[in-house]
Amino acid sequence: MREKQSATMDTQVLIIGGGATGTAVARDLALRGVACVLVERDDLNAGASGRNHGLLHSGARYVARDADAAAECQVEGALLKRLAPQCIQDTGGLFVAVAGDDERYIADFPGLCAKSGISVRPVPVDEARELEPSLSPRAIAACLVPDASIDPFGLSLEMMAQAERCGARLVRRTGVVGFERAGDTIAAVRLRHSQTGEECLLTADIVVNAAGAWARGVAQLAGLDVPMLYSKGTLVVTHARLAHRVLNRLRPPGDADIIMPGGTVSIAGTTSLTIDDLADVRPTVPEVDLIVEEASALLPALRETRCIRAYAGVRPLVAAGPAVDGRGVSRGFALLDHGREGVANFVTITGGKLTTCRLMAERTADLVCARLGVTMPCRTRSEPLAPTAECEWTEPGFGPRAWMRAQAPDDALLCECEMVSRSALHSIASALGFDGHDGVLADLALRSRLGKGACQGTFCAVRVVAYLYEQGALRGEQGLREQREFFRERWRGQHAVLWGEQLAQVELAEAIHCGLHGYELAARTAVRP
Amino acid sequence: MSATYDVAVVGAGLAGMSAAVFAANRGLRVVQVGNAGALLFSSGLFDLLGVHPIEDGRTWSDPWAGLVVLRRDIPEHPYAKLEAAQVRAAFGELVAALDEAGLAYTAPGERNREVLTGVGTAKSTYCVPRTMEPGAATLEAGAPCLLVDFEGLREYSAKAIAAGAAARWPGMRTLRLSFPCPGIAGEVYAAHIALALEERGARERLADLVRPHLGDARAVGLPAVLGIMRSDRAAADLTGAIGVPVFEVPTMPTSVPGLRLKNALERAVAARGVERRVHGRVAAVERTGDEFALSVAATPTPVSLHAHAVILATGRFMGRGLEASRTGVRETLMDLHVAQPATRSDWHRADLFDPRGHALNRAGLEVDDGFRACDARGAVVHPRLFAVGTILAHHDWARMKCGAGLAIGTASAAVAHLTGELGYARGVS
């Protein structure tokens, strides 16, 4: 029997997918005392949760199209500001219209905001320009709203860390490859390690599919169809921060009408392109050009500003389906109880927005708990997301502040662009542990600002790999493989923004990676163990 | 009125420096504009041809044989406009000039050398600084070796190198030391260690720390820190004191070998009477009658220089010879024609390490067989306007491992053609 050959895990709830939704569900359940395991094929926030604006919506963006979603964002945004302040920069937001924008939309906007409970204050254009000196001279109207910037990595890391402290377990680099059915229930879930291919079985009372854009594929493994639309969105990161606040174009939502502050940078986007295939989603040159052109209507300086990278995520949109909540689709997220389709202990939660991830988790956990007979109510409306030391390093600007505040005499900066110190990496690595698999550099990069600055990892990767060999965390040629993969990953974000200064930067990087170290030659023959 | 120079060399990377040395060696009056900062980013290794075709990742131990194949396969490559004998002679001439300036390289020969890099890969290169030569010899012999690194030198780990190179070079042991010199602690920089090793006392203290760990090692590898001005003496001293050859492993830029190369080339051009405008940047080049007038934006006052010929050695994007916007690449100084892909979508491939390389790397200036810049129709822009080095089109120096050969070879050819042209120009004036 195969079952006897492979290890078996047992839990009350299996959560599939380590994005904002999955980690929020794990946190909610764990806080209610429910045992759960979260499996993630890659690492936390590998999908859309790690490839979005980082915009904590006040709801203002949705007032005209979807008043319910707007009101939901308003409530959830305020909740997160109070309960997870370490992940949020409460910058405030400014909606700005420029000459030619729809006058009626501009006139209706404050009233619509008020109707959804969003505090809005129209400000004269002169005042707006004092608040944001880079604002376009063609601005004709402006409104202040309580938008904010949220660090999506910090949020997911914190939610998972709190869940783990309450007994939840995170299993990374492990995907679901099959469900073993017994009548109308899933009796066991077959898991496979993404690198080793090792399989094991997990039994759970209930399985929650929170795989984001991949939720359809997971549902298919259970013989179910969750019709979804995939909408690719691309964003561009600048080298310098161009505005203090979240800037939104005061018009019906469209392409490239948001410019976010992200610590020391600005992030402009997004585009929206329906795609069929989730493989190899990356920003393209035309998308980047469209963003620079469109978003510079708000901030003309964007046209002349160095762009250091771009990234693309996929919004999972639920096309239709037997939503538990009748307003599921219109609210942007869908909670699907597959009991009606003959799989009793299987639930899919998908769609939605980063801002509403807590609410999505609450609804999901309510359903799960009702099934399990757990009566403990949701605690995430009042329980703060307690800050965790090893989760601090994703916040842009935290590294420099920590370094300037205090530094041990034997400490050293390994990433100079973002000021990531050896001790910071040590704190992250100690919490994470090394499991002997490839991806250590990527693990550290996900949990810090490593490689996110101007040089995009050219110098720090070598230093971090050197540090990891000293720690005994790497063996054999692993360090070379790790660096190659890291540079490749950084390239995914860079190749569409290579002009001006960033192209000169890449020329230096290629001179080192290829000219001096010959990684492109080693990459040809490299075989993963 | 200032004097008219025979040639103005714009740029002070390896190509510009080579051009200045070669022109001065031929008795020309040379003015050179630009600072040599880019040389700090050099590894110090001189490549001739390491890989061709890059699609196949084929490496050549005999670069001259590779050159024959490359010339046949890529007739538009700058190497196709050069004779092997000329490249060989140019390497010889430059290495001799460096030697005179106190920086010794291995003699240009028939074969490529294989050196260990600072990340544990092996690199095929042509001429290496003498301080690195024992490393190449030890690697070629597969002899046991002791690799030393220093506490606080963040981008250099002997353990990482040994682990990366273990398959090719199994007999490698590692040793970590605190550099025995007060004041060098915490974050340690290669240049500071190199400066300390200029002093005999520091070398002796270092040798004392290494010697007990020697074991069966037939050579000792150190990061490239063996002095700045007199690396030969530092290496010889340490070799004597330790008892086996000591060699340097190239380090990440900006590197000490790059600094030595910059210093030596600056001495070489100075010794040849080249007039240098280090702090200026050429803002414009105009053709006035038979001359070029170069406006140099310099402090405190702008300068105007006149020359019969111009050699453009301004490099690519890092060197600011080329400039890219979202819509295209242009040459910065004279807006010369730049051969380039049709749209930005074609510039780069999806994979950084795609074996075919990126199309933008092959963008650059088109030249005739005498390395005179050409316009879009292929016509020479001016009989005495030359372009040399990486700014040229149709190569991918980082993947072909041909950067130094390109710089030195094309500089030599341009100077040879220029000498002919000037002879004619002077004859009629």
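## Briefing on a predicted two-chain model

B:Asp335 sits in the loop that runs between strand E14 (328–331) and strand E15 (338–339) of chain B. The model is a predicted one, and in it B:Asp335 takes a positive phi of about 55° even though it is not a glycine. Because B:Asp335 has 8 C-beta neighbours inside 10 Å, and 12 or fewer is the cut-off for exposure, this residue counts as exposed.

**Backbone features**

- A:Gln456 also has a positive phi without being a glycine, here of about 50°, and its place is the loop between H12 and H13 of chain A.
- Is A:Gln456 buried or exposed? A:Gln456 counts as buried, because 24 C-beta neighbours lie inside 10 Å of it and the cut-off for burial is 20 or more.
- A:Gly472, which follows H13(A), has a positive phi as well, near 75°.
- Two peptide bonds of chain B are described here as cis: the one from B:His52 to B:Pro53 has an omega near -10°, and the one that joins B:Pro253 and B:Thr254 has an omega of about 0°.
- B:Pro53 belongs to the loop between strand E2 (30–33) and helix H2 (63–73) of chain B, while B:Thr254 belongs to the loop between strand E8 (246–249) and helix H9 (256–271) of that chain.

**Chain A as a whole**

- The secondary structure of chain A consists of 16 helices and 22 strands, and the C-alpha trace spans about 75 × 60 × 45 Å along its principal axes.
- Burial applies to 57% of the 529 residues of chain A, and, among the contacts in chain A with a separation of 6 or more, 72% are accounted for by residues 24 or more positions apart.

**Chain B as a whole**

- Chain B contains eleven helices and 17 strands, and its C-alpha trace extends over about 70 × 50 × 40 Å along the principal axes.
- For 429 residues, the compact-globule rule gives a radius of gyration near 22 Å, and the 22 Å of chain B agrees with this.
- Of the 429 residues of chain B, 53% count as buried, and residues 24 or more positions apart make up 69% of the contacts in chain B with a separation of 6 or more.

**Helix H13 of chain A**

- Helix H13 (residues 460–470) of chain A is mostly covered, with ten of its eleven residues buried; among the buried residues are A:Cys460, A:Arg463, A:Val465, A:Ala466, A:Leu468 and A:Tyr469.
- Within chain A, the buried residues of H13(A) pack against strand E21 (413–415), strand E22 (420–421), helix H11 (422–432), helix H12 (440–446) and helix H14 (478–494), and they also pack against helix H5 (158–165) of chain B.
- At what angle do the axes of H13(A) and H5(B) cross? The two axes come within 8 Å and cross at roughly 90°, which means that H13(A) is roughly perpendicular to H5(B).
- On the H13(A) side this contact is made by A:Val465, A:Ala466, A:Tyr469 and A:Glu470, and on the H5(B) side by B:Lys159, B:Ala160 and B:Ala163.
- By residue class, the contact of H13(A) with H5(B) comprises five nonpolar residues, no polar residues and two charged residues.

**The contact between the chains**

- The contact between the chains takes 46 residues from chain A and 44 residues from chain B.
- On the side of chain B that touches chain A, the elements that give two or more residues are H5, strand E13 (322–325) and helix H10 (397–400) of chain B.
- Which of these elements gives the most to that side of chain B? H5(B) does, with four residues.
- The residues of the side of chain B that touches chain A divide into 20 nonpolar, 13 polar and eleven charged.

How values were computed. Residues are numbered from 1 along each chain as its sequence is written. Chains are lettered from A and ligands numbered from 1 in the order in which they are written. This is a predicted model: local features need pLDDT of at least 70, side-chain atom pairs count only at pLDDT 80 or more; totals for chains, interfaces and linings use all residues. Two residues are in contact if their C-beta atoms, placed from the backbone, lie within 7 Å. Axes are lines fitted to C-alpha atoms, for helices over the stretch in contact, and angles run from 0 to 180 degrees between N-to-C directions. Angles under 35 degrees count as roughly parallel, over 145 as roughly antiparallel, 65 to 115 as roughly perpendicular and the rest as oblique. Ala, Val, Leu, Ile, Met, Phe, Trp, Tyr, Cys and Pro count as nonpolar, Asp, Glu, Lys and Arg as charged, and the others, Gly among them, as polar. The radius of gyration is taken over C-alpha atoms; the globule rule is 2.2 Å times the number of residues to the power 0.38.
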